[in-house]
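Please walk me through this structure, starting with its charged side chains and moving on to its strands and aromatic rings. A plain account in running paragraphs will do.

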Amino acid sequence: EKRVLFTDAGGAATGAIKHVSSSLDFYAGGVASGNKEMVVSSTGVDVEDRLTMGQFNVPTTAPGSPIDGDIYFDKTALKMKVYVDDGSSASWVEV
């Protein structure tokens, strides 16, 4: 495990980047487990609680080969849909 620690002028931990095995963990507001904000690994990016972006574009057609978690806006039904695959069945579900 390797860490890059960020501190304020008084030396108090304000955040960290921690390398664990094959992932990077990002912390804000200190390095306690409750301060983990994001994990980047070879399988993707996990954001804790919410993701805030300046612009968010949602496709208006379903992907041809959807995977669990894909979304699109169905213009005909005027519904947002998410693809859910629980291992035994898979379908588009209205949000």
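A salt bridge is counted here when a side-chain nitrogen of Lys or Arg lies within 4 Å of a carboxyl oxygen of Asp or Glu. The model is a predicted one, and in it that rule gives a count of 3 salt bridges.

One of them joins the side chains of R3 and E1, with 2.9 Å from N to O. R3 has a relative accessible area of 48% and is therefore partly exposed, the limit for exposed being over 50%. E1 has a relative accessibility of 63%, so E1 counts as exposed.

Another salt bridge brings together the side chains of K36 and D25, at 3.5 Å from N to O. K36 belongs to strand β4 (residues 36–41) and D25 to strand β3 (residues 23–28), so this contact ties together parts of the chain that are 11 residues apart in sequence. The two partners can also be described by their accessibility. K36, with a relative accessible area of 25%, is partly exposed. D25 has a relative accessible area of 6% and is buried, since buried means under 20%.

The side chains of D74 and K81 form a salt bridge as well, with an N to O distance of 3.0 Å. Here both residues, D74 and K81, are buried.

The strands that carry K36 and D25 are part of an open sheet of 5 strands, in the order β1-β2-β3-β4-β5 and with antiparallel pairing. At the edges of this sheet stand β1 (2–7) and β5 (44–47); each has a single partner strand, so one side of each is left without a neighbour in the sheet. From one strand to the next, the twist averages 10°. The antiparallel strands β1 and β2 (residues 13–20) are joined by 6 bridges.

V82 has V93, in β8, as its bridge partner. The hairpin made by β7 and β8 has 4 residues between the strands, and G87 takes a positive phi near 95° in this hairpin.

That leaves the aromatic side chains. A pair of aromatic rings is described by the distance of the centres and the angle of the planes. The structure holds 2 aromatic pairs. In the pair of Y72 and W92, the ring centres are 4.8 Å apart and the planes stand at 85°, so the arrangement is edge-to-face; the cut-off for that class is an angle over 60 degrees. This pair links distant parts of the chain, with Y72 in strand β6 (residues 71–74) and W92 in strand β8 (residues 90–94), 20 residues apart.

W92, at 27% relative accessibility, counts as partly exposed. Together with Y83, the residues Y72 and W92 form one aromatic cluster.

Definitions and conventions:
Residues are numbered from 1 along each chain as its sequence is written. This is a predicted model: local features need pLDDT of at least 70, side-chain atom pairs count only at pLDDT 80 or more; totals for chains, interfaces and linings use all residues. Side-chain values use heavy atoms; hydrogens and water are left out. Rings of Phe, Tyr and Trp (its six-membered ring) pair if their centres lie within 6.5 Å; planes under 30 degrees apart count as stacked, over 60 as edge-to-face and the rest as tilted. Helices (H or I, at least four residues) and strands (E, at least two) are DSSP runs, numbered from the N terminus. Buried means under 20% relative accessible area, exposed over 50%, partly exposed in between (1.4 Å probe, protein chains only). Two strands pair if DSSP finds at least two bridges between them. Axes are lines fitted to C-alpha atoms, for helices over the stretch in contact, and angles run from 0 to 180 degrees between N-to-C directions.
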